[in-house]
Amino acid sequence: MATTLSLLRLRLPTLSQKSSHQTHSKPVDLPNPARSTISKHSILSIHPERLISETTHLLKSASLPLTALTLPLLLLEPKDALAVGGEFGILEGRTFALVHPIVMGGLFFYTLWAGYLGWQWRRVRTIQNEINELKKQVKPVAVTPEGSPPAEAPPPPPIEAKIQQLTEERKELIKGSFRDRHFNAGSMLLGLGVLEAIGGGVNTWFRTGKLFPGPHLFAGAAITALWAAAASLVPAMQKGNETARNLHIALNGLNVLLFIWQIPTGIEIVFKVFEFTTWP
């Protein structure tokens, strides 16, 4: 509608000149005798029906349809921001904005679960090392001069009881398949974590047309980088590199601390989402 009115304003000088020419060629009955001094503004105020009629006639006689004339004007209109005017529909709404905090909240607890599985798998290895060290401390059984064991066997020393206890514990841990479960949990965490970390920034752009550099954004970027760095150590860990294993644990521990520190800023952003967005 605004474009059509603009087109009408472009046509007004021509119509006014034509009306003025016709007015001079054909006198108009007016109460004021000074017909020669009548301006085009007075003609517009006295004959609005005539102006509308002539404008409609000119539009009908145009060689191009009205839509073809107004389309370039529409294309030339600048927009302040592409992502804040409803162009993306539901992607700018509250539903899509809440996906990121919900998924990341779940990934936080999943990170703790993956860490527990990894620690249990580490326990399988360390228990075996403890067993080997205890076996070195076991004293040989005393025998008679003939080389046969004594008639009454002495009670087992505490070290052997400890070895038996650790052996049974290791058997139970092996049944838990913690190695494979930790590997699968870490792979899932890496894939979903990186995907949703990027998705959170994209959603912010959908809603506002820009990003907001701050603690939450920088901490999220650091967490994503730590996920990638910890995963890159897996090949060396599988070859028995103890340094890589310790660094893997340290990186993931730092990741958890950053995750915890990031939670309050995430909650603040969720409140802003409810304040500035609507369903869906």
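Predicted model: local features only at pLDDT ≥ 70, side-chain atom pairs only at ≥ 80, totals over all residues.

Reader: Fine. Which residues lie nearest the centre of the second largest pocket?

Author: Those are Gly118, His182, Met237, His248 and Asn252, out of 29 residues that line the second largest pocket. Helix 5, helix 7, helix 8, helix 9 (234–238) and helix 10 each give two or more residues to that lining.

Reader: And which helix gives the most to the lining of the second largest pocket?

Author: Helix 5 does, with 9 residues.

Reader: What's the volume of the second largest pocket, and how does its lining divide into nonpolar, polar and charged?

Author: The volume is about 850 Å³. As for the lining, it splits into 14 nonpolar, 10 polar and 5 charged residues.

Reader: OK, now the largest pocket. How much space lies in it?

Author: About 1200 Å³. Its lining is made up of 43 residues, and the ones nearest the centre are His100, His216, Thr265, Gly266 and Ile269.

Reader: Which helices supply at least two residues of that lining?

Author: Helix 5 (94–137), helix 7 (178–208), helix 8 (215–232) and helix 10 (242–276). Helix 10 gives the most to the lining of the largest pocket, at 12 residues. By type, the lining of the largest pocket holds 23 nonpolar, 16 polar and 4 charged residues.

Reader: Let's do packing. At what angle do helix 5 and helix 7 pack?

Author: About 160 degrees, and their axes are 9 Å apart. Angles over 145 degrees count as roughly antiparallel, so helix 5 is roughly antiparallel to helix 7. Their crossing is left-handed. The contact between helix 5 and helix 7 involves 19 nonpolar, 8 polar and 4 charged residues.

Reader: What about helix 5 against helix 10: what's the angle there, and how far apart are the axes?

Author: The axes of helix 5 and helix 10 cross at roughly 155 degrees and come within 10 Å. That angle makes helix 5 roughly antiparallel to helix 10. Helix 5 passes helix 10 in a left-handed crossing.

Reader: And at what angle do helix 8 and helix 10 pack?

Author: About 155 degrees, with 9 Å between the axes of helix 8 and helix 10. Helix 8 is therefore roughly antiparallel to helix 10. The crossing of helix 8 with helix 10 is left-handed.

Reader: Switching to side chains: how many aromatic pairs does the structure hold?

Author: It holds 8 aromatic pairs. One of them is between tryptophan 227 and phenylalanine 259, an edge-to-face pair with 6.2 Å centre to centre and 65 degrees between the planes.

Reader: Where do tryptophan 227 and phenylalanine 259 sit?

Author: Tryptophan 227 is in helix 8 and phenylalanine 259 is in helix 10. They're 32 residues apart, and the pair links distant parts of the chain.

Reader: Now the backbone. Which peptide bond is cis, with omega near 0 degrees?

Author: The one from tryptophan 279 to proline 280. You'll find proline 280 in the segment after helix 10.

Reader: And which residue has a positive phi although it is not a glycine?

Author: Serine 177, where phi is about 50 degrees. Serine 177 belongs to the loop between helix 6 (158–175) and helix 7.

Reader: Great, that covers my list. Thanks!

Notes:
Residues numbered from 1 in each chain as written. Heavy atoms only, no water. 1 Å grid on protein atoms, 1.4 Å probe; cavity = no way out; pocket = protein on both sides within 12 Å on 5 of 7 lines; lining within 4 Å. Points joined across faces, edges and corners; volume = space filled by probe spheres on them. Helix = DSSP H or I, 4+ residues; strand = E, 2+ residues; numbered from the N terminus. Nonpolar A, V, L, I, M, F, W, Y, C, P; charged D, E, K, R; others polar. Axes fitted to C-alpha atoms, helices over the stretch in contact; angles between N-to-C directions. Parallel < 35°, antiparallel > 145°, perpendicular 65-115°, else oblique. Left-handed = near helix turned anticlockwise from the far one by under 90°. Phe/Tyr/Trp six-rings, centres within 6.5 Å; stacked < 30°, edge-to-face > 60°.
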